[in-house]
Amino acid sequence: MTDFAGMEDLLQDFLTEAGDLLSGVDNKLVDLERSPDDRGLLNDIFRGFHTIKGGAGFLNAGELVTLCHLTENLFDRLRNGELSVTAESMDIILAATAAVRDMFGDLERGVMPHVADGALIASLQGAIQGVAPLSAAATPAPPAVATKVAAGSPQVTSAGAGPDWQLLMSAVTGARAPSTAAVQAALPPAEPELAPEKIISAALGRRATDRPGVSGPTGRREPERVRDNSIRVDTARLDQVLNLSGEIGLTKNRLNALRRDILSGRNDTETLHALDLAVSQLDLLVSDLQNAVMKTRMQPIGRLFQKYPRIARDLARNLGKDVELVLAGEDTEIDKTMIEDLSDPIIHLIRNAVDHGVESASDRAAAGKPSKSELRLEARQEGDHIVILVADDGRGMDAERLRAKAVAKGLISEEEASTLDERQSYNLVFLPGFSMAEKISDVSGRGVGMDVVRTNIQKLNGAIEIRSQPGKGTTFVINLPLTLAILPVLLVRLGAQPFAVPLSMVREILPIEPNMVHDVGGRATMVVRGEVLPILTLSGLLGWPQEQVPGYGVLMQTTDMAFVLAIDSFAGREDAVIKSLDDFRPKGVAGVTTLSNGQIVLILDMKELLADGNAMQGIPRSALIPAQGEAVSG
Amino acid sequence: MADPKLRFLVVDDFSTMRRIVRNLLKELGYANVDEAEDGAVALQKLNAAPFDFVVTDWNMPNMDGLTLLQTIRRTPQFKHLPVLMITAEAKKENIIAAAQSGASGYIVKPFTAATLAEKLEKIFEKMGRSGAA
C-alpha cells in the first residue's frame with residue numbers, strides 16, 4: 001500500500017509536472033556549465049527547485065523539501081553573485097539533482113522518499129558556505145548561521161512598522177508552526193520536518209475526509225507504480241473537437257431533413273444536389289474531427305528530448321570525452337504513447353553513440369577533427385510519418401569488422417557474411433548477442449541493447465536503419481507512423497477474399513511473369529533489379545490451398561529480409577482504422593478493419609506469419625507457372 | 001462567513017499548486033475560482049473580468065508575484081483588491097517587501113485549510129473595518 005492513500009491524484013499531478021520541471025532544470029544545468037555566470041539561467045534553476053519544494057511540502061515529503069531547499073539556497077547565493085559556479089559545486093549540484101530524481105522514483109512507487117545521502121547534504125551545506133566540498137564533507141554543518149538567524153528573528157517581530165505588519169507576522173509565525181518557518185529560511189533543517197498530518201488531508205480537499213479510515217489500505221490500486229495514464233491537452237484543441245462535433249450534429253440534422261424529403265417522394269435535382277452537398281460536408285467534417293481527436297493525443301517530442309543532453313553529458317564525462325548533444329525539431333508532435341515507448345531506445349542510441357561512435361580525444365586529434373564532438377538528436381515530420389535521427393560525427397562503422405565480428409560470434413556463417421552489402425552489414429548490430437565493444441563497459445552494457453532497440457521500434461510499427469560514413473560518423477534513422485490508431489494498408493486478394501498488409505512494408509507491386517521466375521535450390525525466386533528475392537505465396541503463409549496461379553507479387557521489405565509476396569490480385573490502398581481482436585486473435589492477424597462497403601478485412605501481421613518456419617520454406621517454381629507454361633519449360 | 005459568490009484568482013506557475021489552493025478554497029466554501037500561470041496572465045484576466053480576491057505565488061516566470069502586487073496597487077481600479085501572497089519563502093526581507101508593497105496577507109507553504117481560513121478571515125475583517133468592502 002502507499003504512503004499517499006487518498007492523495008493519489010495530487011501525487012500524480014505533482015510527479016508529471018515536477019518531472020517536467022526537473023528535466024528542464026537538468027538541461028539548464030548543462031547550459032550552465034557553458035555559461036556559468038548567466039543570471040537568467042541561475043534564476044530559472046533556482047525557481048525550479050523552489051517550485052518543487054513548495055509542492056513537496058504539501059505531499060509531506062520532508063526529505064525532498066530539505067534537499068530542494070538546500071539546493072535552492074545554493075542557487076540563491078549563486079544568482080546573487082555571492083558565490084560562483086565551480087567544477088566542484090557543479091558536481092554537487094548534479095548529484096543533488098540526481099538525488100531529487102531518485103526521490104521522484106520513490107514517490108512514483110508510492111513510498112515516502114528515503115533519507116538523502118548524508119555526504120551529499122554535507123557537501124551542499126559546505127558549498128552554500130562557500131567551503132570547498134572536500135573539507136565540508138568532513139566538517140559537520142556549521143551551526144553559526146543558525147544561531148545568527150535565529151537571533152535575527154526576534155528582531156523581525158519588533159521591526160514591524162507598516163499597518164499590515166502585525167497581520168503579516170502572525171501569518172509567518174502563525175500559531176501552527178511558530179519557529180519552523182524562520183529556521184527553515186535560515187538553515188536547512190538537519191532532520192526532516194514532520195508537518196502535522198492535517199496538512200495532507202487538507203491539501204487533498206474533501207477526498208480524505210470522505211473516507212473514515214484514511215490510513216487503511218484503499219484496495220485495488222497497485223502501489224507498484226503510480227503510472228500516468230492521463231494527458232494534458234491544450235484547451236484550444238479540445239475546443240476544436242467540440243466545434244467539429246457541433247457542426248457534425250448540424251449536418252446530421254440536415255441529412256435527416258433530406259431523408260424525410262426523399263422518402264416522401266421528392267427527388268428533383270435540387271434535393272439531390274443538397275444531399276450531395278451535405279454528404280460531402282459530412283465527409284470533410286468527419287476527417288477534420290478524426291484529425292482533431294488524433295491531435296489531442298499528440299505531444300511535442302521536446303518533452304522527451306529535454307532529458308537527453310544531461311545524460312549525454314554525464315556519459316561523455318565518465319568516458320573522458322567532450323560531447324555536445326544538439327537537439328533539433330523539438331516541436332515535432334508525436335503520439336503520447338509512442339513518446340513513452342521511445343524513451344529507452346533513444347537513450348540506448350545516445351549511449352551507443354557516445355561510447356562507440358565518438359572517438360577518444362587523442363583519436364579525434366589524430367584524425368584532425370575538433371576535440372568536441374557533436375551528437376545530433378533530431379525529429380521531423382515527413383508526410384505521414386515521423387523521422388528521428390541520432391547522428392554522431394565519430395569514426396563511422398566498419399562493415400568488414402562488423403562481418404568478421406558476427407562470424408566470430410557465430411551469429412552468421414562465412415558464406416552469409418560474404419553476401420552482405422554495407423547496409424546489411426551495419427544491420428548486424430541489431431542481432432541479439434552482438435556487441436561491438438571489445439570490453440564490456442558500464443556505459444553501453446553487454447550488447448543486450450541494440451536488438452531490443454529494434455524490437456521496440458518495430459512494436460511501434462516503425463523501422464530503424466543505419467547510415468554510416470567511415471571517418472565522418474554514423475546516423476541511426478528511426479521511421480515511425482504518426483499514430484498507432486490509423487494504419488495505411490495495401491489491400492490484396494486471395495481469390496475473392498481481401499487481406500490488408502501494412503503499406504510501410506511494401507516497396508513495390510509487380511506482375512509475376514513465368515519467364516522471370518527462377519528456380520534456386522527447389523525454391524521459386526525472382527530477380528528484381530539485380531536482387532535475388534524469394535517468392536512466398538500468401539496462401540502458403542496462411543496455410544490455405546492455392547486455387548489459382550498468383551498473378552502479382554508485392555515486394556515486401558522487413559528489417560531482416562526482402563521477399564516477393566505472391567497474391568491473386570490487389571484492390572488498392574486504404575487508411576485502416578484498426579480494431580483489435582482482444583480475446584480471439586488468430587495467428588498472423590493483427591486486427592480487422594471495415595471497408596467502405598461494409599466488408600470486414602483481416603489486417604495481417606507479417607512478422608508473425610514469417611515466424612512460421614514451414615511457411616518460409618518457399619514454394620517450387622512449378623507452382624507459379626500456369627499449366628501450359630509448365631509444358632514449355634518441361 | 002464564506003461568501004460563495006466571491007471570485008478568486010489563483011496565480012501560480014505550478015499547476016499542481018493551483019489545484020491545491022483551489023481545493024482548499026473549495027473546502028472553505030469558495031467555488032468561484034479562476035487560475036493564471038503568472039503575473040502577466042493574471043493582469044490580463046483581471047482586466048478582462050471582475051475579481052474579488054487574488055491569491056498569488058511569489059516566484060514565477062514572466063512576472064513574479066511581487067511585481068503583480070505592485071502593479072495591482074498602482075492601478076486605480078484594482079488598488080483595493082485584497083492580495084494574499086503564498087510562498088515557500090519565510091525570509092524577513094521577503095515579508096517586509098510584501099508588506100511594503102501592500103500585501104493583504106502572507107502565507108507560507110505548506111499550509112492547511114484552517115490556516116488559509118484564518119488568513120482570509122483576518123483580511124475580510126480588516127476590509128470590513130476600513131470600509132473598503
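Me: What makes helix α3 of chain A count as largely enclosed by the rest of the structure?
Reply: A residue is buried if 20 or more other C-beta atoms, placed from the backbone, lie within 10 Å of its own, exposed if 12 or fewer do, and partly exposed in between. Since 13 of the 18 residues of α3(A) are buried, the helix is largely enclosed by the rest of the structure. This is a predicted model, in which local features need pLDDT of at least 70 and side-chain atom pairs count only at pLDDT 80 or more, while totals for chains, interfaces and linings use all residues. Residues are numbered from 1 along each chain as its sequence is written, and chains are lettered from A.

Me: How do you know what span to expect of α3(A), and what does the helix reach?
Reply: The expected span is 1.5 Å times one less than the number of residues; α3(A), residues 62–79, reaches 25 Å from its first C-alpha to its last, close to the expected 26 Å. The helix is followed by Gly81(A), whose phi is positive, near 75 degrees.

Me: Why is Ala274(A) called partly exposed?
Reply: Ala274(A), found in helix α13 (residues 269–296) of chain A, has 17 C-beta neighbours inside 10 Å, and therefore counts as partly exposed.

Me: What makes β17(A) and β18(A) a pair of strands?
Reply: Two strands pair if DSSP finds at least two bridges between them, and 5 bridges join β17(A) to β18(A), which run antiparallel. Thr594(A) stands opposite Ile600(A) in β18(A).

Terms used. Helix = DSSP H or I, 4+ residues; strand = E, 2+ residues; numbered from the N terminus.
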